[in-house]
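Work through the exercises below with the model open. Each task is followed by a worked solution.

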Amino acid sequence: MPQTKNVSSSTRWLDFGTTKKDWDGAKAAELETVLSSLHLIRAFEEAVLELANEGLVHGPAHSSVGQEGGAVGSILPLRPDDQINGSHRGHHQFLAKALNYVAPGGLPVGADFDGSVVALLRRSLAEIMGLAEGFCGGRGGSMHLRWYEAGALGTNAIVGGGVPLAAGAAFAHKQSGTDAVAVSYFGDGAINIGSVLETMNLAAIWRLPLCFFIENNRYAVSTSLEESTAETRLAARGQAFAIPSWHVDGMDPLAVNLAMKEALAHMRAGKGPTIIEADVYRYFHQNGSFPGSAFGYRMKEEEEAWKARDPLDRVAREMIVRGLIDQPAVDALRAQCKQVMQAVIEELTDRVDNRRSIKPGLWPKPDFCDVGVRSDGSELATRRYVEQSGYAGRIEQRKFVDVIAEVLDRRMETDDSVIILGEDIHRLKGGTNGATRGLKAKYPDRILGTPISENAFMGLGGGLAMDGRYRPIVEFMYPDFMWVAADQVFNQVGKARHMFGGDIAMPLVLRTKIAIGTGYGSQHSMDPAGIFVTSPGWRIIAPSTPFDYVGLMNTALASNDPVLVIEHVDLYQATGPAASGDLDYFIPFGKAAVRRAGSAATILTYSAMVQATLDAVAETGLDAEVIDLRCLDRASIDWDTISDSVKKTNMVMIVEQGPRGSSYGAWLADEIQQRLFDWLDHPIERVTGREASPSISKILERAAYAGREEIATALKALPERRNG
């Protein structure tokens with residue numbers, strides 16, 4: 001027989017509840033604030049549902065009616081510098097945090113709500129209705145509520161998507177030497193999502209002051225908790241990551257409050273993350289004003305049993321027992337909150353023929369649609385911009401990857417806000433390619449080697465950028481890995497600025513490399529340019545020389561936009577022109593470089609394909625103009641240089657190495673035809689790889705991508721095709 005023994009955990013996991021003594025010891029003023037907050041949030045949510053039923057809320061109305069106790073109880077002990085974020089059902093969390101901000105002295109029962117409270121309710125409701133005065137200018141609506149000054153970092157429509165961003169805020173607090181914390185709210189539906197579990201692991205490793213607050217309302221839309229997971233005790237997840245956990249009745253706001261105070265003490269002491277699982281219940285369906293029983297996935301008896309535990313009634317009952325309030329005062333508070341919400345509704349709507357409509361003057365202007373997709377670039381206005389052709393200093397030949405390491409070192413030396421994170425960047429003499437060589441020894445607290453958890457560390461970088469105190473550089477070892485973290489890359493980092501009103505900064509640099517030709521196969525070899533150019537918010541640069549890399553990287557790190565920096569393995573060990581001893585100049589976004597002047601055709605390319613194209617042009621003898629695009633995103637394409645060339649040559653060829661299906665050139669060709677069709681004597685030519693991603697086989701890999709030979713073949717055919 002094998003020897004066995006039971007293994008016990010040393011990580012705390014508490015089932016937490018209140019006693020009569022806890023209620024007796026609660027401060028009367030705090031209980032009044034809890035009760036007032038609960039009633040204000042309930043009245044707000046009922047107003048949202050009322051407007052939704054009248055068709056005045058465009059999109060979903062994910063009400064939190066029934067769940068207010070978890071939010072109010074947990075947020076009351078937070079300080080102004082503590083921050084929260086949440087998921088699509090987040091009105092109650094947002095309002096609880098914002099109420100603490102606008103009414104720091106509390107909300108006494110019986111007192112009139114002052115102007116700042118009413119303004120908060122109006123702006124919040126306006127945002128949910130899609131109106132200009134909302135916190136995000138009407139862009140966020142019900143699912144994207146953000147008020148940075150109040151510590152509300154933004155609710156999120158992607159289930160679990162905001163959790164890694166909260167880790168970035170927590171990291172910023174810790175790195176800055178404060179004892180402030182971040183709290184990320186999400187539901188039982190998110191507990192099994194990879195980004196959440198990855199972030200738990202990362203937060204535990206780095207001892208981040210992050211509370212994972214699970215609102216367990218037992219249903220992900222209509223799917224029950226028992227259908228979703230075999231371990232229905234959700235706080236048990238903490239045992240896997242050595243995170244202390246509290247399980248608490250979320251219908252008891254005082255119990256939640258006391259559990260959060262214990263969690264805060266743990267986090268403020270520098271001991272790392274915490275988990276709070278609060279059992280709550282949404283009274284209505286996922287969206288709208290019908291109960292879940294109307295859709296057949298819940299029983300009316302279950303709903304009534306939970307309503308009997310209503311957090312508003314629980315707090316009022318305990319206060320009445322202790323002589324802190326009477327029922328008429330509770331009823332008056334309820335009426336007062338409903339009245340203030342009706343007044344807010346009247347301010348935002350007109351009534352014609354007994355039907356309400358939104359006041360026309362409150363809508364955002366249509367021309368606000370694209371404002372703030374990216375920064376206006378004003379932060380880059382005073383930089384020292386130079387080009388190699390006009391550089392007054394000495395130019396020398398340097399290895400490309402050495403220059404990458406040197407400019408990163410220089411920026412970290414001159415700017416303490418620069419932090420680099422990614423897999424293996426702290427080992428192997430500077431990562432897998434040497435681009436971070438020597439940096440861990442010089443900046444041990446700012447070179448962060450991560451576990452293999454792309455969602456977590458990409459999202460952490462995004463949250464760090466949104467915090468505003470740091471400028472993260474995230475390295476993805478291969479661009480294919482971005483698709484593991486596609487939510488954080490595209491839904492979060494790329495969209496955040498615009499989604500939250502168009503005026504927040506997202507200063508993040510994402511480095512990656514094209515590895516076509518290395519034999520690493522289909523999942524390590526892509527060129528990401530074609531995907532990123534169709535995704536709003538990102539800037540894209542692809543330097544082809546060491547000189548350009550320094551200037552463009554400096555601009556990327558000074559920009560308030562997320563910037564994808566595309567490198568190429570073929571360039572790392574190649575030598576090229578570099579500025580001797582100068583790592584502080586800039587090259588502007590939106591400026592291409594003419595690498596060879598000519599009149600027979602305009603060839604547009606980037607990265608390692610620039611030299612391949614120049615070699616092919618030399619081989620064929622065609623008098624082609626070769627333009628190194630350098631900047632690839634929609635806002636940074638140099639249309640002046642392209643237009644001047646096309647008007648001279650009347651023919652365009654776009655050259656790229658990767659597969660045709662994810663081609664950058666397809667997008668670029670369409671843009672050229674829209675802008676310059678009258679100047680073209682011939683359809684745009686494209687040199688790309690084949691449909692398939694590169695394979696492992698050396699023969700099949702070479703057949704899959706475009707190189708010098710394919711470019712030369714296409715160039716030789718150009719005169720005949722032009723005259724044909």
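**Exercise 1. Describe the lining of the second largest pocket: which residues lie nearest its centre?**

Solution. Step 1: the second largest pocket is lined by 20 residues. Nearest its centre lie His88, Gly187, Gly189, Asn217 and Tyr219. On a 1 Å grid over the protein atoms alone, a pocket is an open set of points with protein on both sides within 12 Å along at least five of seven lines; a cavity is a set where a 1.4 Å probe fits but cannot get out; lining residues have an atom within 4 Å of a point.

Step 1: the space in this second largest pocket is about 260 Å³. A volume is the space filled by probe spheres set on the grid points, which are joined across faces, edges and corners.

Step 2: strand S4 (182-187) and strand S6 (219-220) each supply at least two lining residues. S4 has the largest share, three residues. Strands (E, at least two residues) and helices (H or I, at least four) are DSSP runs numbered from the N terminus.

Step 3: sorted by class, the lining has seven nonpolar, nine polar and four charged residues. Ala, Val, Leu, Ile, Met, Phe, Trp, Tyr, Cys and Pro count as nonpolar, Asp, Glu, Lys and Arg as charged, and the others, Gly among them, as polar.

A note on the source: this is a predicted model, in which local features need pLDDT of at least 70, side-chain atom pairs count only at pLDDT 80 or more, and totals for chains, interfaces and linings use all residues. Residues are numbered from 1 along each chain as its sequence is written, and side-chain values use heavy atoms, with hydrogens and water left out.

**Exercise 2. Which element gives the most to the lining of the largest pocket?**

Solution. Step 1: the largest pocket holds about 380 Å³ of space. Its lining counts 21 residues, with Leu76, Asn100, Ala103, Pro104 and Gly106 closest to the centre.

Step 1: helix H2 (28-53), helix H4 (91-102) and helix H10 (253-268) are the elements that give two or more residues. H2 gives the most, four residues.

Step 2: the lining of the largest pocket divides into 11 nonpolar, five polar and five charged residues.

**Exercise 3. How many cavities of 30 Å³ or more are there, and what lines the largest cavity?**

Solution. Step 1: the count is six cavities of 30 Å³ or more. The largest has about 90 Å³ of space.

Step 1: residues lining the largest cavity include Gln83, Arg146, Leu165, Asp467 and Phe500. Strand S2 (83-86), S3, helix H6 (163-175) and H16 each give two or more residues to this lining. H16 has the largest share, three residues.

Step 2: turn to the second largest cavity, with a volume of about 70 Å³. Among its 14 lining residues, Asn433, Glu475, Arg511, Glu567 and Tyr572 are closest to the centre. S16 supplies the largest share, three residues.

**Exercise 4. Which strands stand at the edges of the open sheet of five strands?**

Solution. Step 1: the order is S20-S22-S21-S23-S24, with mixed pairing. Strand S20 (593-596) and strand S24 (685-687) stand at the edges with a single partner strand each, so one side of each has no neighbour in the sheet.

Step 1: strand S21 (residues 601-605) and strand S22 (residues 624-628) pair in the parallel sense over five bridges. Thr602 has Glu625 in S22 as its bridge partner.

Methods: Two strands pair if DSSP finds at least two bridges between them.
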